[in-house]
Amino acid sequence: MASIAKRKTISYMYHFVFQQILILLAVAVVLVAVFRYLHLPQVLAYLCAGFAVGPYGLGWIPDLLGTRNLAEFGLVFLMFTIGLEFSLPQLLAMKRLVLGLGGTQVLFSFTLFGGLAWMAGVPAPGAIVVGGVLSLSSTAISMRQLIEQLEQHSRHGRAALGVLLFQDLVVVPFLIVIPMLASGNAAHSVLITLAWAVLKSFVVLAVILLVGRVLLRPIFHEVALARSREFFMLTVLLITLASAWLTQLAGLSLALGAFLSGLMIGETEYRHQVESDILPFRDVLLGLFFITVGMLLNLSAIRPLWFWVLGSLGIMLVLKAGLIAILGRMFKLEQGVALRTGLVLAESGEFGFAMLVQAQYSHLLPDKILQIVLATMVLSMLVAPLIIRYNGRLATRLVPSYRERRSSNLDSIRAAAGDMHDHVIICGYGRSGQNLAWMLKQEAIRSISLDLDPVRVRDARDAGENVIYGDGARSDILQAAGLKYARALAISFVDVPSSLRILEVTRQLRPDMPVIVRTMDDRNLEQLKAAGAAEVVPESLEGSLMMGSHLLMLLGVPVSHVLRQVQTARRDRYRMLRGFFHGAAGEDEVEESYRVRLHSVTLPAGAHAVGKRLVDLNLDGSGVIVTTVRRGGITGPQPSGDTHLGSGDVLVLYGTPEALNAAEKILLEG
């Protein structure tokens, strides 16, 4: 009987958890769709979804500890992808921001907010907790929003990252001190424990960095040779979670270990593949994290305290942004950049919730103060995406000198453009952009290049190149670069979201402007063409064309025939090159993760398509293109719609796996 009851209990729990997941997904999907329609950040949708279904909203989902634990992995994968974006030399170059600006920000914010809490009547141990909690900012919200806005590599983006990295480090001593405050240990005991934790932290960080730099590249090389996407993905997950586990074992945060593993993998040539594979995990789990944050808000408890909550929210946002702006000026940041950094970091952080939970267990904060601080944190995270989205506009309004500086930058761009007419604007001055500029110079075609790397711009200008610092996605920058009089625009870097933004701005200002876009492959070719690109150059397919051209000429094929093949392939938008025949599951997918592919179908005697014309089957409507019909061992050109199909014909189809399955069913069964 006991075993039967146990099985029933397990079955009920399984059904209960499954039901909660369905509710959570349904509400999240609806709210995300609504917020996307309203052009609002998705983070707000997740927070509202959590509040709506949580224990203090509609009460559909209890505040489960397991849900919070799972949501923490969203932060892990976010920090991992941030690590991929930054190399170790870049991070070392930021040590002044991490230790200097980050250290002083935490120290002054902790002192300021802790002092205000103590003056408001909060006991000293509780005031220490409040100061620590409010001194932290949200890595998840700040970096996600900056990445979406393509500002992670800007000056204020790098400064914000430096501060956030120090905040992730300083969480460790805070979490150590909180239980000690409750136990009443002596000050010297607290210092000894902290010193030991810091020593362990440095040892673990050194081991991870040393082992990772020595072993990661050969490990990934062997894994890639296996040509299995599942094996590759499992290896990435193992390395990421193992690094996170080691840092947690040393008393550091999981997110910091994930950042370090991303930092090391970012030094290898497998960075882009890893980034594309990990993206779905990050987005889903990070969304779950924000949902759990929204579930913490208890409106009934804070309703009588709304005045204190709104006052605390306003004081925290203003003082924190202002303090960071002042400290940024002390560390030689431009006034506008310092203010933008402060606006990005004005909100509270996700690690503050862990500190609050620990303080609640230790009974360091009265329930009234706990709810006020909690509501302030959640509301600050609710408004943070909007503040970060408009940080540039706020800075230009509040700091006239910054607006003038940006205007002077536009003047310098106009000066560089001079009286140019029929010139080419190149967005991005990396290797491809520099090669484009060199080729244009050989043909006496004038060009002006835009780039966001200040060192590259300085070095190129010193060498006499016409390069300026500017973001090609901004309409005022493009206008200053002479878009009105330019002959063409080239996007030389590989970043589809950035390219789409530039195309949108260009289409608004110059609908007739031909734009050529560089991509890594053909996955976004149609999207970019639909956005207004005159030509899209997929590097992988162009590489295939060049290799084939050289091979044909080595075999003695006339140059005119080779050129005709290349021109035909380009004219047909690389149609014959864009698909490939997939072998066993997983093969080729480490290097090429395309979904569109080629697939051949042989028509038996009783097939539905036998005796019919291609146009009658409407395969184009299902998203499939018939590239070739092979009949009697002879392969003909691309067939027309009037082609009659016969028994034994082999059709080569091009499309996504779903479309290919549907088309094969039409051909064989009708």
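Which residue forms a salt bridge with Lys-441, and how far apart are the closest N and O atoms? The partner is Glu-465, and the closest N and O atoms are 3.4 Å apart. The model is a predicted one.

**Salt bridges**

Start with that pair. Glu-465 sits in the loop between helix H21 (454–462) and S3, while Lys-441 belongs to helix H20, so the contact ties together parts that are 24 residues apart in sequence. Glu-465 is partly exposed, with a relative accessible area of 25%. Lys-441 is also partly exposed, at 49%.

A search of the whole structure gives six salt bridges. Three of them are tabulated here, including the pair above.

| Salt bridge | N to O distance | Relative accessible area |
|---|---|---|
| Glu-465 with Lys-441 | 3.4 Å | Glu-465 25%, Lys-441 49% |
| Asp-512 with Arg-510 | 2.9 Å | Asp-512 55%, Arg-510 13% |
| Arg-613 with Asp-616 | 3.2 Å | Arg-613 27%, Asp-616 46% |

The Asp-512 and Arg-510 side chains meet in a salt bridge. Are these two residues buried or exposed? Asp-512 is exposed, because its relative accessible area of 55% is over the 50% cut-off. Arg-510 is buried, because its 13% is under the 20% cut-off.

Arg-613 and Asp-616 form another salt bridge. Arg-613 is partly exposed, and so is Asp-616. Salt bridges with shared partners join Arg-613, Asp-616 and Asp-642 into one network.

Six strands make an open sheet with parallel pairing, in the order S3-S2-S1-S4-S5-S6. Its edges are strand S3 (467–469) and strand S6 (535–538), each of which pairs on one side only. From one strand to the next, the twist averages 20°.

Strand S1 (residues 424–427) pairs with strand S4 (residues 488–491) in the parallel sense, over four bridges. Ile-426 has Ala-490 in S4 as its bridge partner.

Helix H20 (residues 431–442) packs on this sheet. The helix touches S1, strand S2 (447–451), S4 and strand S5 (515–519). The direction of H20 makes about 165° with that of S1.

**A nonpolar surface patch**

Which residues form a nonpolar patch on the surface? They are Trp-196, Leu-199, Val-203, Val-207, Leu-210, Val-211, Val-214, Leu-215 and Ile-219. Together they have about 840 Å² of accessible area. Take Val-207 as one of them. Val-207 is placed in helix H9 (residues 187–225). Val-207 is partly exposed, with a relative accessible area of 44%.

Methods: Residues numbered from 1 in each chain as written. Predicted model: local features only at pLDDT ≥ 70, side-chain atom pairs only at ≥ 80, totals over all residues. Heavy atoms only, no water. Pairing = 2+ DSSP bridges. Helix = DSSP H or I, 4+ residues; strand = E, 2+ residues; numbered from the N terminus. Axes fitted to C-alpha atoms, helices over the stretch in contact; angles between N-to-C directions. Contact = heavy atoms within 4.5 Å. Patch = residues over 30% accessible without salt bridge, like charges linked within 9 Å, V, L, I, M, F, W, Y side chains within 5 Å. Areas by Shrake-Rupley, 256 points an atom, 1.4 Å probe, with all protein chains shown as cover. Salt bridge = Lys/Arg side-chain N within 4 Å of Asp/Glu carboxyl O. Buried < 20%, exposed > 50% of the residue type's maximum accessible area, 1.4 Å probe, protein only.
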